[in-house]
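Open your viewer and keep the sequence beside it. This tour tells you what to select at each stop.

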Amino acid sequence: MIFITAKFRVLPEHADRWPQIAEEFTTATRAEPGCLWFDWSRSIDDPTEYVLVEAFRDDEAGAAHVRSEHFRTAQRTLPPHLAETPRIVNVTVPQQDWSRLGEMAVPGSE
């Protein structure tokens with residue numbers, strides 16, 4: 001799978017509304033057949049920073065995402081709300097889902 005984590009620094013005046021601002025893009029991406037997950041979190045240290053954790057089935061699914069109309073729309077509509085260019089980590093991982101964190105196993109939660 002392609003595993004991507006991106007940090008979005010949002011302008012302070014838009015930070016509280018970011019989930020609504022990105023909602024159309026988020027919903028459309030989650031509906032893509034090759035999208036495994038597409039989840040936003042807000043930093044507890046910096047209220048203007050959102051972290052996006054996303055995964056796509058394979059290179060083909062990742063390419064389809066970047067070619068999609070909703071991606072092109074997001075390229076126009078999201079940057080005006082940002083304080084800087086998002087930072088990203090993008091890697092290919094030989095798995096298709098989350099692994100369990102054995103060092104913090106919860107008994108009986110298998």
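The stops below go from the whole chain to its sheet, helices, pocket and charged pairs.

**Before you start**

This is a predicted model, in which local features need pLDDT of at least 70, side-chain atom pairs count only at pLDDT 80 or more, and totals for chains, interfaces and linings use all residues. Residues are numbered from 1 along each chain as its sequence is written, and side-chain values use heavy atoms, with hydrogens and water left out.

**Stop 1: the whole chain**

Show the C-alpha trace. Along its principal axes it spans about 45 × 35 × 20 Å. Now switch to cartoon. The chain has 4 helices and 4 strands. Both kinds of element are DSSP runs, numbered from the N terminus: helices are H or I with at least four residues, strands are E with at least two. Follow the sequence and you read β-α-α-β-β-α-α-β.

**Stop 2: the sheet**

In what order do the 4 strands of the open sheet lie? The order is β2-β3-β1-β4, and the pairing is antiparallel. β2 (35-42) and β4 (87-92) are at the edges with a single partner strand each, so one side of each has no neighbour in the sheet. On average, neighbouring strands are turned by 10° against each other, direction ignored. Two strands count as paired if DSSP finds at least two bridges between them.

Select β2 and β3 (residues 49-56). These antiparallel strands are joined by 7 bridges. A hairpin links β2 to β3 through 6 residues. Pick D39 and you find V53 of β3 opposite. Pick S41 and the residue opposite is V51 in β3.

With β3, β1 pairs in the antiparallel sense over 8 bridges. Here F3 stands opposite A55 in β3. With β4, β1 makes an antiparallel pairing over 6 bridges. There, I4 faces N90 in β4 as its opposite residue.

**Stop 3: two helices on the sheet**

Select helix α2 (residues 23-30). Helix α2 lies across β2 and β3, and runs at about 155° to β2. Angles run from 0 to 180 degrees between N-to-C directions; axes are lines fitted to C-alpha atoms, for helices over the stretch in contact. Contact means heavy atoms within 4.5 Å.

Then select helix α3 (residues 59-67). Helix α3 packs on the sheet and touches β1 (2-9), β3 and β4. Its direction makes about 130° with that of β3.

**Stop 4: the largest pocket**

Select F8, F25, E54, F71 and I88. Of the 22 residues lining the largest pocket, these lie nearest its centre. On a 1 Å grid over the protein atoms alone, a pocket is an open set of points where a 1.4 Å probe fits, with protein on both sides within 12 Å along at least five of seven lines; lining residues have an atom within 4 Å of a point.

Which elements give two or more residues to this lining? They are β1, β3, α3, α4 (69-77) and β4. β1 gives the most, with 4 residues.

**Stop 5: a charged pair**

Side chains of opposite charge can pair when their charged atoms come close. Show the side chains of E49 and R9. They meet in a salt bridge, at 3.3 Å from N to O. E49 is in strand β3 and R9 in strand β1, so the pair ties together parts 40 residues apart in sequence. A salt bridge needs a side-chain nitrogen of Lys or Arg within 4 Å of a carboxyl oxygen of Asp or Glu. By this rule, the count is 9 salt bridges.
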